[in-house]
Amino acid sequence: MSAREAYLRWRYRLFPDHVVGEILSKNWIDNAIPFMFLAIAVAVFSLIIPNFLTIGSLGTMGELLAEYLFVAIGMTLVLKAGGIDLSVGSVFALCNFCALYLVNALGMPLIVVIPAILALGGLVGAINGFLVGFLRLRAFLTTLVTLILVRAIVELLSLNFGVNASYSETPVPQWDYLGAAQILGMPLSLVVAAVVALLTHVLMTRMRFGWHLSAVGGSRRSAYNIGLPVKWIVAQTYILSGVFTAAGALFYASRLGSIGGSVGVGLEIVILTAAVLGGNSLGGGRGSVAKAIIGTVIVVMVTNALVRMGLRTGASDLVLGLILLVAVAIDVKWMKNRLKVLNRAYVSPTYFALPACPPTAEGSGSPYEVNNKLATAQPIGKGELDGPEDIILDEDDNLYCGSRHGDVIRFFAPDYKKHEVYVHIGGHPLGMAFNQDRELVVCVGGMGLYKVTKDRKPVKLSDETNRSLFSIIDDSRMRLADDLDIAPDGRIFFSEATIRYEIHDWVLDALESRGNGRIICYDPRDGSSRTILPKLQFPNGITMAGDGESFLFAETWGCRISRYWFNGPRKGQTEVVIPDLPGYPDNINKASDGTFWCAILGMRSPTFDLAQRMPQFRRRMVYRVASDEWMYPNMNSGCVFKFDLDGKVLDVLWDRDGIKHPSITSIREHKGRLFLGGLFNDRIGVYDIPGADPEWTGIRHYWGGKTGE
Amino acid sequence: MSNVFSRMFDRFRGSGSAAITLPPMDGAMRPNTRIDEAEEVAAVMAPDNLAEGADGILLSSGARLLSLGPSKKTDTVWTASSDIACLAAHPPGTLAAGLDEGRLVIRGGAHDGRAFTKLGDLPIMCPTALAFADDNTLIVCLGSRDHRMSDWKVDLMTHGASGSVWKIDLASGASTCMAQGLAFPYGVLATENGDIVVSESWRHRLLRISPDGRVEVVIDELPGYPARLARAGEDGDFWLSIFAPRTQLVEFVLREDEYRRRMVETIDPEYWIAPSLHHPDSYLEPMQGGSLKQLGELKPWAPSRSLGIVVRLDGNGHSVESLHSRANGVRHGVTSCLPTGDGLLMTCKGGDVVVRAEI
């Protein structure tokens with residue numbers, strides 16, 4: 001191995017590239033850019049402004065932050081449903097004035113003032129909501145008009161009642177408490193804002209209303225088509241925005257008691273900047289409370305810093321405006337290119353060197369030497385099947401196989417001419433086995449482990465396992481359950497080929513060549529599933545070794561067959577049985593003489609083997625070349641071979657010209673005949689095995705004679 | 001310097017020189033099954049170059065020169081000392097043949113028995129195509145200085161560009177070089193006005209070379225690797241055989257230096273990711289995604305490293321009509337064609353058959 005290859009091997013072993021793509025595929029990655037911006041801002045300001053991060057300074061910022069936060073959360077709700085609320089500035093001013101008037105001029109108690117002001121905010125929001133939601137006016141123009149109208153009302157009110165509102169004859173201690181109280185060193189307003197933020201977060205992520213918001217913002221038409229009350233949902237967001245703005249105004253009023261004409265002027269720009277800077281999309285559908293918080297913190301910090309740096313008011317607005325512009329630009333570009341970036345980063349091939357490929361050519365004397373024995377195979381269901389990956393026969397010799405349409409199909413013995421849909425499960429039924437109760441247990445690609453009861457009802461056994469400790473993508477859900485076998489004690493061991501791709505993207509897993517798969521044990525006694533062997537290279541076929549303590553499993557891209565002990569003195573150990581197959585193994589099953597059959601679904605080609613050792617080459621290929629033109633493992637040719645536990649190859653069956661069975665994914669011996677399945681084929685093949693036990697059946701071998709016999 | 005940066009940028013983006021975009025086969029080049037449906041004239045092992053001799057059609061197959069008789073029969077006219085790489089005939093009965101061993105021989109006519117192993121100072125390595133300009137003048141294409149005709153894949157995959165075109169005065173034996181530094185000239189046609197048209201295979205284009213040495217591109221960006229040319233009639237049209245299609249994967253590998261180097265060093269050329277003359281016949285050959293057999297069938301539009309393509313071009317190099325054998329056919333690797341009175345004869349070198357299609 002050259003130095004370069006040694007370097008590649010270690011580089012890919014030590015630096016897990018796939019993590020980058022997995023992180024990018026997370027939803028919270030939208031928050032990463034604003035968060036970085038925040039970190040940079042904190043660093044810069046604390047460097048250039050002395051005492052920027054002292055307690056006193058944080059306290060002042062905290063009060064402002066809390067008031068803005070209320071408004072920003074309201075804005076987030078509106079943005080998420082695809083709208084915009086520009087009226088927040090004057091609603092804020094209106095609520096501020098009215099609160100002061102109620103308290104100072106009318107001397108009302110807080111128990112009346114607070115609900116009244118919240119209701120007032122909600123009322124203005126309801127007007128917006130009615131106009132935008134129900135009359136379907138443009139949100140931008142409508143709320144702009146509300147902004148101006150409400151501002152005019154505030155002007156009129158302060159002209160007529162300003163004097164009364166500005167000053168109270170008798171002090172109102174509760175009111176002052178609202179503005180000045182501290183809890184654990186934090187302003188009361190900030191504590192309340194935090195609680196509201198938490199509740200809104202729960203509302204948006206865990207409750208129906210939040211999902212409805214996403215639906216409406218993501219695609220209004222689709223939301224309407226699935227029956228959501230779109231108009232009402234949109235209207236609600238404006239009402240909530242009004243209420244939240246009023247809450248912010250209440251704290252502001254109690255803190256400053258100011259009825260000056262500048263209250264709330266320009267607030268809409270500040271809040272919009274905060275919301276968009278945090279990563280809430282102006283286009284709707286994407287947004288969260290966390291984003292609103294990050295954005296608001298940045299904005300408050302920047303304004304605060306600008307003030308302390310001595311910039312004039314106008315300059316501060318200028319800076320905020322510029323930040324808004326940049327944030328909007330990033331928002332647009334990010335939304336447009338996000339999936340592109342993700343697609344580029346997700347596929348991450350790794351270094352993998354296969355052992356030398358054993359020869360297969362005719363006349364080579366190899367145990368895998370090409371022959372044409374399968375030319376005599378007779379077809380079952382030719383042209384009627386679509387993707388029978390695995391096949392199994394029951395005690396009455398009826399034959400079961402899966403199909404791409406999500407059915408399990410039953411062919412009736414003895415001639416297998418007639419067939420019926422035994423059960424429709426969905427997904428793509430792959431590996432099959434009978435359990436002790438003679439129920440069919442099926443691995444369903446895309447769904448998990450299922451069983452079919454005697455009265456033909458599919459029952460889910462398992463579709464999740466324990467999440468591994470450092471996984472970034474959620475690996476508890478099963479993506480591609482592939483093949484299974486059942487231990488004498490009833491435990492079901494099944495393989496999950498890959499945790500990174502869905503079934504239709506299997507080739508990407510081949511191009512990655514990483515150990516993305518695992519073997520899971522389902523225990524019917526307590527219904528639990530545990531991953532027992534992680535990081536396997538597309539684990540595929542599984543079959544019991546016959547000693548009650550171990551099973552054999554095939555790793556397709558690894559071109560090897562291994563044995564794992566789940567019981568007995570060697571429990572937990574793995575041993576490679578055949579390390580260097582000439583092709584990609586699929587299912588393994590029992591042969592009547594105590595040995596094993598293994599299907600090879602495709603053959604290794606020298607160019608693909610070479611590419612496996614050059615991860616960067618494969619990565620570039622995935623990005624540059626159209627997917628139909630990618631180099632694939634050669635799956636237009638396969639074979640079946642027989643081996644024993646020592647790894648000795650005993651027999652091999654080829655379809656030399658690849659006409660009947662270009663790729664073979666499974667084999668099942670039954671009464672002296674070998675049944676052949678193929679994931680991409682349109683038939684099942686039957687091959688008469690010379691000299692095989694004509695009475696042997698798998699189901700009797702596993703579970704004994706018929707029940708009752 | 002900017003060149004280095006722009007190349008690096010191209011490599012990063014997959015644009016410019018790193019782009020593997022291929023010209024589409026549409027318009028007159030739209031795929032059909034005319035070669036697959038063509039009438040079989042003779043089943044011959046690796047038929048290669050067709051020529052119209054004095055008394056019938058001649059073609060080369062390995063080291064044998066065959067004459068095409070009626071009723072699918074072929075007669076061996078001559079067996080050369082090594083594979084016949086190219087062939088040209090002139091009506092008065094002169095036949096020129098280029099041999100893989102690096103020799104050019106003239107049979108019949110006024111110059112019978114003349115042989116060349118050098119043109120100028122250049123030893124003949126890879127004669128690929130011949131054409132008579134007149135009784136006395138032979139145009140010769142030499143594909144490469146470094147590789148024999150049988151090693152054409154190596155020349156392509158190592159970015160060979162050492163081909164040349166020569167004019168030989170048969171009377172005196174003097175030869176002049178008309179163009180050099182070509183990337184595998186693989187076909188030549190002499191026109192009435194003294195110009196010659198040459199197909200430059202690895203650069204997927206046709207060149208027109210005038211007697212004064214001026215080189216002009218007739219057509220660029222062909223969707224495959226052009227091989228030999230044949231005159232279509234009196235109106236200046238000509239037939240072009242395209243022996244293999246370009247594919248994205250091959251174009252990509254041609255830009256991947258390390259992979260290509262290791263592939264060339266360690267793998268049998270038969271199993272390379274490279275254009276091929278024939279339909280895949282071993283599972284050791286590379287397979288591409290779209291070629292995965294679904295329900296036992298290979299789709300005709302599957303990506304394929306080999307196809308059968310013959311195109312008729314007008315005098316300006318615009319394609320007028322085309323004949324195809326698609327990915328699910330086997331009549332691939334058409335290296336030469338010859339219009340006759342009752343159709344277009346084509347040699348499918350990869351399909352081991354000579355066929356005649358109606359035109």
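**Notebook: strand pairing within chain A and across to chain B**

Entry 1. I began at a cross-chain pair and found that A:Tyr632 has B:Met287 as its bridge partner in β22(B). The model I am reading is predicted.

Entry 2. I then looked up the two strands around this pair. β22(A) and strand β22 of chain B, residues 287-288, run antiparallel to each other and are joined over 2 bridges.

Entry 3. Next I asked how many residues each chain brings to the contact. Chain A supplies 29 residues, and chain B supplies 31 residues. On the side of chain A that touches chain B, the elements giving two or more residues are α17 (606-612), α18 (615-624) and β22 (631-632). I sorted this side of chain A by class and noted 17 nonpolar, 7 polar and 5 charged residues.

Entry 4. I turned to a sheet within chain A. Its 4 strands follow the order β4-β5-β6-β7, the sheet is open, and the pairing is antiparallel. Which strands stand at the edges? They are β4 (391-393) and β7 (419-424) of chain A; each has a single partner strand, so one side of each lacks a neighbour in the sheet. I also recorded the twist, which averages 25° from one strand to the next.

Entry 5. Lastly I examined one pairing inside this sheet of chain A. Strand β5, residues 399-402, and strand β6, residues 407-411, are antiparallel and joined by 4 bridges. For A:Leu399, I looked up the bridge partner in β6(A) and found A:Phe411.

Methods
Residues numbered from 1 in each chain as written. Chains lettered and ligands numbered in written order. Predicted model: local features only at pLDDT ≥ 70, side-chain atom pairs only at ≥ 80, totals over all residues. Pairing = 2+ DSSP bridges. Axes fitted to C-alpha atoms, helices over the stretch in contact; angles between N-to-C directions. Contact = placed C-beta atoms within 7 Å. Nonpolar A, V, L, I, M, F, W, Y, C, P; charged D, E, K, R; others polar.
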